[in-house]
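Have a look at it first, then read the points in order.

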Amino acid sequence: MSHLSRRKLLKTGLAATAGALGLGVAARLADKYGLVPPDHGGIYGIGETLTYASQRLLASHSLAREFSQSQISKPPFANEIDPPTDKFKRLQAGKFVDWRLTVDGMVARPASFSLDQLKSFPSHSQITMLQCEEGWSYIAEWVGVPMSHVLDVVGALPQARYVIYLSMESYPWESIDMADALHPQTFLTYGMNGDELPIGHGGPLRLRLPRQVGYKNVKFLTHLTVTDNLKGFGKGLGGASPEGGYAWYAGI
């Protein structure tokens, strides 16, 4: 059976099962094919599962809308924050020469990249909207290296299913599946609107994930871990946000 026909069969099966036999049976079908999010066990678990499974079957390769230069929002932008720690401020004072992004886990070549090394990789730009679950949004031009390129450099193993990304902030960490990690619009971003990524927006490096809402776009990145299972991290829900009651998959 071709990949396309299998995808169509699964999509049709999920929809038909949900309608004819109920959400619980449809969720079990999603589980059979590995389309269950890590926070499926909560009060909204069945709904979260069907949302995630349907998105992966219907729109796994879709692109977030991109805008023109004339549509870039004017400052001030929402949600600027102060540097998180004294350690960060020391790195900032040293122009981030000692800052590193560590990449480990299920990779053939674990690595630690300086900011200059990341900037030496092929750079890409996108003008996309950052949307928050609280209702605000803004459009900006983001410059960085696709996460897919970094994962290729370190040799992510074929059995990997997720990328966990951690911030220098004490609370935020999140994760995404490999479909989002390898998506061409998922950036490790170091530039914004023709300049360095401002500290208030997560500089020197933040994740840009324009197909998901703001809290998945973690600031002050320092660490990526590639894994096939999220149960050994935190409460096993895939990030700080689902631990706080938000959805792990927050697609727009």
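1. Strands S1 and S10 run parallel and are joined by four bridges. Please keep in mind as you read that this is a predicted model.

2. Val103 has another bridge partner to look for: Ala111, in strand S2. Here the pairing is antiparallel, with three bridges between S1 and S2 (residues 111-113). Five residues lie between these two strands, and together S1 and S2 form a hairpin.

3. Now for the wider view. The protein has eight helices and 10 strands. Of its 252 residues, 48% count as buried. The accessible surface comes to about 12300 Å², and carbon and sulfur atoms account for 54% of it. Among contacts between residues at least 6 apart in sequence, 66% join residues at least 24 apart.

4. Which residues have the most contacts inside the largest nonpolar core? They are Leu118, Met147, Val163 and Leu188, in a core of 35 residues. At least two core residues come from each of helices H4 (86-93), H5 (115-120), H6 (147-154) and H7 (178-181), and likewise from each of strands S1 (101-105), S5 (162-167), S7 (187-192) and S10 (221-227). Helix H6 supplies the largest share, four residues. As general background, nonpolar side chains in soluble globular proteins tend to be buried together.

5. Leaving aside neighbours within four places in sequence, Met147 is in contact with Val163, Ile176, Ala181, Thr186, Phe187, Leu188, Leu207 and Leu224.

6. Next, the aromatic rings, which form 10 pairs. How are the rings of Tyr52 and Trp248 arranged? Their centres are 5.4 Å apart and their planes meet at 75°; planes over 60 degrees apart count as edge-to-face, so this pair is edge-to-face. Tyr52 lies in helix H3 (residues 45-59) and Trp248 in the segment after helix H8 (240-243), so the pair ties together parts that are 196 residues apart in sequence.

7. For a contrasting geometry, turn to Trp136 and Tyr138, a stacked aromatic pair with 5.9 Å centre to centre and 5° between the planes. Tyr138 is buried, with a relative accessible area of 4%.

8. Tyr52 and Trp248 also belong to one aromatic cluster with Tyr162 and Tyr249.

9. Finally, helix H3 itself. H3 has 15 residues and reaches 21 Å from its first C-alpha to its last, close to the 21 Å expected at 1.5 Å a residue. Its buried residues are Gly45, Glu48, Thr49, Leu50, Tyr52, Ala53, Gln55, Arg56 and Leu57. Gln55 is at 14% relative accessibility, so Gln55 counts as buried. Not counting residues up to four places away in sequence, Gln55 touches Ser60, Ser62, Arg211 and Tyr249. Tyr249 is a member of the aromatic cluster that includes Tyr52.

Key: Residues are numbered from 1 along each chain as its sequence is written. This is a predicted model: local features need pLDDT of at least 70, side-chain atom pairs count only at pLDDT 80 or more; totals for chains, interfaces and linings use all residues. Side-chain values use heavy atoms; hydrogens and water are left out. A nonpolar core is a set of buried Ala, Val, Leu, Ile, Met, Phe, Trp, Tyr and Cys residues joined through side-chain atoms within 4.5 Å. Buried means under 20% relative accessible area, exposed over 50%, partly exposed in between (1.4 Å probe, protein chains only). Contact means heavy atoms within 4.5 Å. Accessible areas come from the Shrake-Rupley method with a 1.4 Å probe; for residues, only the protein chains shown count as cover. Rings of Phe, Tyr and Trp (its six-membered ring) pair if their centres lie within 6.5 Å; planes under 30 degrees apart count as stacked, over 60 as edge-to-face and the rest as tilted. The expected span of a helix is 1.5 Å times one less than its number of residues. Two strands pair if DSSP finds at least two bridges between them.
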